[in-house]
Each structure stands twice: as C-alpha cells, then as structure tokens.
Amino acid sequence: MPEHDYTSTSLWRKTLAARPGEDAHSSQRERLRTSYVELRRKAAVLLQENARSMPDFTVHDITHVDALWETADLVCGDHVTLNPAEAYVLGCAFVLHDAAMGEAAYGTGVPETLGEARWRDLISVAYYHHKGCWPEEDQLSAPPTVIAEACRATAIRETHAEQARRLVEQAWRSSTGNEIFLIEEVQLREVYGTLIGDLAASHWWPVDQLADEFRRKWGSLPWQPSEWTIDPLKLACILRLADAIQVDARRAPSLLFSLRDPQGLSRQHWRFQEHISRPDLNGDRVTYTSLRPFLPQDAGSWWLALDYLRGIDRELKAVDALLHDLGRDRLAARAVAGVDSPERFAEHFRVQDWRPIDATVKISDVPALVRNLGGEQLYGDEPEVALRELIQNAQDAVLARQALQPDFPEGRIEIRLTESEGSWVLEVRDNGVGMDEETLIHGLLDFGTSGWSSLAVRKLLPGLAGGGFTPNGRFGIGFFSVFLLGDQVEVTTRRYDAASRDARRLTFDGPSQRPLLTPVPAQGWVPEGTRVRVILKKTPHDVTGIFHRTADERLAQLTQRLVLENAVPVHTWELGATAPEILAPFSLATGEADEVFDRLYPPLAHGRRIAEEKQRLQLRDAFMERATELLDDRGRRIGLAALGNDLYYSGRGNYPGKVTVSGLLADETIAFAGYLAGRPSRASRDQAALAATQEQVRGWMRSQEQRLRHTGNFGDSLQMELAGTLYDAFNGLSGDIACALTADGLLRPAGIAPWAARRNQVFLAAGLPLTWRSRPPEVAHYLSGQSVRLPEDWVFICHRVAVPPLSEVFPPVTNRDPAYEFARHHTELTWQKAWWRMSGTLEGLLLRALCEAWSCSIESVLAPVAQRDWSDVRHLDDESLGAVPGYLLRRPSGGTAITAT
C-alpha cells in the first residue's frame, strides 16, 4: 500500500501543521504535532507486526492510519471542524485503534491477556470444530499448532479494541532497561491517555453506546487556548466512519496478495478490495467504484463487496441518526451510493460476462403453485387445517378493523356448511377490515409475502400499527390451505371504508386455471369484510373429511376443537339450522382452571352420553386440583397443565394435552393434560415447539411435583410414570421417587447405593421381552402379559420414552456427561460411548449410585461388558419366557480399573 502523505490533508493543515507567517499558538501547536509524529514513528513498528499475527487480513499498518486522515476529511467535509487539541487526540486514536491487531501489542502474549478460562474455552471450541470431538486435558494444554494459531487470530480480532485502550499506558523495555511509552510526554499521556484509549476502543462498540460513554466535553489544558476544548462524541463518530469507509485497493496490493495467498473468506475480502477505487463524496453519499470489472470467478467477491458496503451504509446512517437525534452537528457523509439494489450496485462495480440479479424468491403464479405443490404438500393431509387458517385470518381482519375504527360495533366470524344437489359448500365470513383490489392481488395471492406486516398493507391501512393491531394469521400463506378442501374457491371482499361498488370477487376454477378477478354485479350488495367460499371435494362425513376428528360430526364441535381461545365471537351454522351456535370470546391466559378445562374439553352436546359427561366432570376436578401455570419471563400465563398421561388414559384418549399457536390448536400430546402455548415448526402449524424457554418449563414442572406432593396425588404409580420425565428436566431425581423395580419391590434413588452394596453383581435388565406396569407397579412379560418376579440381583429401570413437546425441550443429550462427549463419534460401541449415552438417563443415575456403593469407576463396571460385546443375557426362573438381554455389572476385585481398548 503506497504511503499516503497525511500532512497534505485538509484536516492536518488546518489543525496541527506549521502555519506560514505569524501564529499566536505556534508553540502549542508544535508541542502537539511533535508528540503525534513521535507516536506515529513508534507505532509504525508495532503496526508492522500485525501482519505476523494476522497474515490473511488486509493491510493494517501505518499506511492505513495515514489514510484515515484522508477519509476523515471526506467524512467531515465542510460541516464539522476540529481544533488542534481535537485533531491531536483523534490522530492518536487513529494510530492506536488497530495497533493491537498483532500479538506484539499484548506484552505477555494473547493467551495470558485473554485469561486462562477464556483461552481454554476458545481452544476447546476450535478443537471441536476442527476435529469433531472435544479435547482431552493434554490437548487443551498443548493444542495442535493450526488450532492454536486460529485461536490467536480469533482472540486478537475479538479483543483488539479492548487491548488498544491499554496501549497508551503500556510500557516496553529497551535493551538498556529503560521504559518506552508510545506517548513520551507525561502530561499529554496522563491527561489525554484515557480518552485516546477509549476512542480507539470505541470503533468496536455499538453506535448507541457512544452517547452514553462520551457525554461530557473536555476543557483545554492550562497552556492551551481556552477554545481548544474536546468533543469526544464528535471524535468517536469521525473515527468509526473514517475507519469504516477506508476500503480500497491500497489495502489489498496485488503483489502482497500473491505472496500471502489468503484463503477462505479472507481471500474474497482481498479480491474485492483489489478492485475498489478510493472513495469520493457526492452530496452526502460516499461513492465507490471498481477499478476493473469483476469476472465470473470473482462473483463471490462482488456479492461480498455489496454486503460489506451495505454494512458501511448502515454505519453511516446510524451515526447520522445519532447526531441528528442528539441535536449535534451532522457529518457530511451519511450513506453509501448504489447499495440499495444489486442492479444499481453493478453501475458502480462493473461485471463482465455475468449479470447479478436479485435472487429473492417470489411465487406469483397461483395456478402453478396449486398444481405443483397443492394444499397437501404445504399443509399435510389434514383438511381441518384449512378451516383453522381461515378462522385465524378472519379474526385478524376483525381485530384490524377494531384498531382502525375504535367505535366499530362487535365484530363476528360466521361459518356455514350447506349442501345442494350433492355438493357441499363451506363458507367463512367476517365483517372485518376487508380488502381492496391491490391487497387482494398482491397481498392475499403473493405466497410468502409478509402480509399484515408488509409496507404495502401498512400504506393501504394507515393507523393500523398505531392502533395496536398484532396479527396472528399468515395472510397469504394461510389462505393457500383452502385448496386442501377443494379446487373451486371464491373470495368476495369489500373494504370497511369502501362503497359497495368497490367490492371484488376472486374466483379459482380448478388448479390449472388462473384466478379470475371481477367486480361484484351492481345489483348485488356486499357487506364490509370478506367471505371465502369453497366447494368441498370430499363430503364432510368422509373418513378423511373435515369431521373425521370429531365425535358428533358437527360444525360447532369442529370449531370448538380448533379455536381454543378467541377475541372475536364465532357463529357456526349447522346444516338446516335456523340460529347459530356462538363460541364466545375467551382467554386461556386469564380463565379459571375449570373454565380452561371446559374450553379445551367441552361437554358433548347429546344428553345420551350421560356417563361420558360424568367422567369428564371427574377429570375436570382432578385437573383443577393438579394443574399449575407455566409463566413467561413477565409472569404471564402461557400454559395451564397437569403433567403426566394418567388423565389421558383415564379419559380413554379423549383428553390429550393441547399445544396452541395464537390460541388455535396446533398439536396434541399425551405428555400432559391442559394446554401449553407453542410456536409453529412448519407451515401447517400441526406441529409446534413450546413457546416457553427450557428454564420456564422447568419452573412449571417443579411446581407440578410440589402440587402433586401437596395434594397427595404423587403415589408410587405416578412417580414411576414421571421419573424419566423429571430426570430429563432436572438431570436428577428426588431421593424418594420410585424409579426402578427389583425382587424386593420399588427402588428409589436414595436406596440404590445401599441395595447395591449388599451385592457383588447386578443384572440391569434392558427391555423386551420384559416390560413394566405402574398400576400396580410390577414387571411383566411383554408377549404373555403375565406378571414376573425378578431374580434377587436383577433391577429393571422404569423409564418411559419421552414424547413431544417435552422431549424437544429436554432432549437426552443435554444431561449427558460432558467429560465423555468425545466418545459420541466412536465408530464402535465403546464403554465410553455407552456411558455417554446412559449418563443422561435413569440408567446413568443407577450406575453412578452403584459405583458409589462399590467404590469404583464407571470404566471398571462398563468396560468388561464392552469386552463381552454387550452380549449379556440371563434367564428368569421360568425359562420358557425366553432370554432377557441386559448388562451384567460386577463389583471389581481390588478396585482395579479395567483399561478399555
């Protein structure tokens, strides 16, 4: 990079340069200039060392520092001026801001500066990424060279700004033992040193932090003119922008590129900077151009250049916004030209033999989408999904109108099912905000658009955001589910503030035809809102029709199943009905336990099912006694549920737990009864992950255990059923919870060690043909169903396979022994790998207690099993029941550990 003469810049000449003729402040100016020149001379040696530590980085030596005087000129323009004291402090910050990009700036070394804990963490992670397994202790202490060097580079990059603020006070020893400071003059170092260090570090801070850190201005020194005050915020803004925009070919010389041969992303950085000319200022836009065209092989560098300059653009705009909001003088450079689109960028950064295009995927061909994908491909083979999505969109429309029109009377949603000449028609209507033609075409039909949050909708419905509207539907994405129900679809809509003549009708006549948009005939009156009408391709009573998951095959029951909470009344009209059934608004977050249960599991309509209603009321009482709240970080209810599947089975499978998304049914589970709020994991929203964090779910499960104990419901049977779930959540189990079966009966964590201490061997039975039952607690033969008495030294763990969504919150891997994670990639089932798998389960709990009782290691009991190729089998007293696989664990003799191969 050719050296740039910083002394020729306007900023230098107006502040620190010697002035011809008479200068009243010549001596003061000279004092600052001399100190800066000396600092620059010393730091040039330090900066030259950067390339040793970071050879793949573009140039970060003294020439980069000198160029910052030039880019600072561009940033300031004629809008902002500096006095000599400010120029001195800024120049010193220029010198130091990247001076710690080399290991020479760290004195005792990067690992020592970083600290042992942080350094080991860095090594461990890097080792895992390079090797695919975690390092042993000796590998942490002496990592491979390639990993250590990579970690040094990462540490330097992450800490160079922090280290830069220390360099002013850091001393180096000369060959004669004298201290060498970068700023030799004591007063300047002591007065300005902290500020210079903070400014140098600030280029790595978030922009918002600048105002907090640099609030006050600094007065002048006694020997300086009184007007030589310092505005640190102004200097911090100039530094970060001057550094940001100093990107051009001088920082990536071609010969140096050839010599260093950088790889990966660094290579692309070099390649695009090789092409860049020195920046210029046009108006308030920083303008870059390419010195030569980008060839196809440099396409990656071209896109990186666009992304990089967009980052500079964000920096410029953020600083400008900060200064504007604080009422401070704004800098001249406020944005980067041409980065708003690839096409415009190509006007500045030429390409040859290829053309950059915006690859954003848009789906506007509705017939092709329906034909090639179809509703089932998008949403699965669940037709009720379509009704749920249409209800959600309708509710959003009503809530949007309420936000826009505060005096709007109560909104409503109407759902009708009619039949005529063998054709069944489902209709969903709302009296909400409605759509105009623009929204109908470009909002509803443009699959994948942002819908309610799009700029277009906000412009068409001003005041929507200010009214507090928060949509839940997918507006466009959700609408496409309607093709699960049928191909012939009609959407009729009229905006709430439009005349009847502005109503529009959009008709789909099969997937191979383009939709037809027409005005509604003049004689037809259309109410405000939207109506979606679809001719069903299957009768609702078909085995895969919309009623297939209901007991009564009624529209009201289907609606109740899907809509677990709602802010808008839902009116359902059964076939031939003269009045609707109304599902009143309800909030799961505020309802009492009995109200929540009734909403989740409503009574059946027909009185002939008196016995089922009696059972439902009994289960409601049990739910009210056992259910506890799941709370978010603000203390708001996002769930009310009772842990376990006993209520589910007691109700013959009619009372599954509900996972809701925006109040609508998304998933069902046997892991609990009640509801937990979730977030969708795919478009159909028939699978959902819990909205709560892992710790919040733990809090709910902790409250469940406490409630069960307090109410006397935590008997042996429920303990056995929940032992595995509780262990997964807490990586431990209370000492009194039944978790295994032996010849003596139930075994609890507190009793495992005493039980094992009385034995020299234990057979851990592992699965079929044995199974266990909790009511009453016993071991049984899987095929015959008969009860089995275990031999005296056998143990059978009571661990049920976890089911979603709790199994996704607490996957078994989270509780596994981290010291043995290295073994997860063993290609054979070594004892280490087996232990790593077991360590997060109840088997791991038993093995730890067994080793405690026998005063031995995990290796000494598992390695012999591995040497026998995990082939241990034993027989019950009744050998006709077949062999039982498992692990024969023997007390080691003499406590000698067996070395694993």
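1. Arg759 and Glu792 form a salt bridge, with their closest N and O atoms 2.5 Å apart. A salt bridge here is a side-chain nitrogen of Lys or Arg within 4 Å of a carboxyl oxygen of Asp or Glu. Arg759 lies in the loop between α28 (749-757) and β22 (761-765), and Glu792 in the loop between β25 (787-788) and β26 (794-797), so the pair ties together parts that are 33 residues apart in sequence. Helices (H or I, at least four residues) and strands (E, at least two) are DSSP runs, numbered from the N terminus. Arg759 is buried, at 6% relative accessible area. Glu792 is partly exposed, at 47%. The cut-offs are these: buried means under 20% relative accessible area, exposed over 50%, and partly exposed in between (1.4 Å probe, protein chains only).

2. **What you are looking at.** This is a predicted model, in which local features need pLDDT of at least 70 and side-chain atom pairs count only at pLDDT 80 or more, while totals for chains, interfaces and linings use all residues. Residues are numbered from 1 along each chain as its sequence is written, and side-chain values use heavy atoms, with hydrogens and water left out.

3. **Other salt bridges.** How many salt bridges does a search of the whole structure find? The count is 53. One of them joins Asp598 and Arg620, whose closest N and O atoms are 2.7 Å apart. This pair links distant parts of the chain: Asp598 sits in helix α23 (residues 593-600) and Arg620 in helix α24 (residues 610-626), 22 residues apart. Asp598 is partly exposed, with a relative accessible area of 24%. Another salt bridge joins the side chains of Arg173 and Glu179, at 3.6 Å from N to O. Here Arg173 is exposed, at 59% relative accessible area, and Glu179 is partly exposed, at 43%. There is also a network: salt bridges link Glu38, Arg41, Lys42 and Glu184.

4. Two packed helices are described by the angle between their axes and the distance between the axes. Take helix α5 (residues 84-97) and helix α12 (residues 232-245): their axes come within 10 Å and cross at roughly 40°. That makes α5 oblique to α12. Axes are lines fitted to C-alpha atoms, for helices over the stretch in contact, and angles run from 0 to 180 degrees between N-to-C directions. Angles under 35 degrees count as roughly parallel, over 145 as roughly antiparallel, 65 to 115 as roughly perpendicular, and the rest as oblique. The crossing of α5 and α12 is right-handed. That word applies if the near helix is turned clockwise from the far one by less than a right angle; anticlockwise is left-handed.

5. **Who touches whom in that pair.** From α5 come Glu86, Val89, Leu90, Ala93, Phe94 and His97; they meet Lys234, Leu235, Ile238, Leu239, Ala242 and Asp243 in α12. Contact means heavy atoms within 4.5 Å. The residues of this contact divide into eight nonpolar, one polar and three charged. Ala, Val, Leu, Ile, Met, Phe, Trp, Tyr, Cys and Pro count as nonpolar, Asp, Glu, Lys and Arg as charged, and the others, Gly among them, as polar.

6. Helix α27 (residues 716-730) packs with helix α31 (residues 842-854) at an angle of about 80°, their axes 9 Å apart. So α27 is roughly perpendicular to α31. Ala723, Gly724 and Tyr727 of α27 make the contact with Leu842, Leu845 and Arg848 of α31. Four of these residues are nonpolar, one is polar and one is charged.

7. Glu565 is in the loop between α22 (555-562) and β12 (570-573). Its relative accessible area is 22%, so Glu565 is partly exposed. Along the chain, Glu565 and Phe586 are 21 residues apart, but their C-alpha atoms are separated by 5.1 Å. Leaving out residues up to four places away in sequence, Glu565 touches Phe586, Ser587, Leu588, Ala589, Arg599, Gly663 and Leu664.

8. **Backbone points to check.** Which peptide bond has omega near 5°? The cis bond from Pro804 to Pro805 does. Pro805 is in the loop between β26 and α29 (806-809). Leu768 and Pro769 are also joined by a cis peptide bond, with omega about 15°. Ser662 is not a glycine, yet has a positive phi of about 55°.
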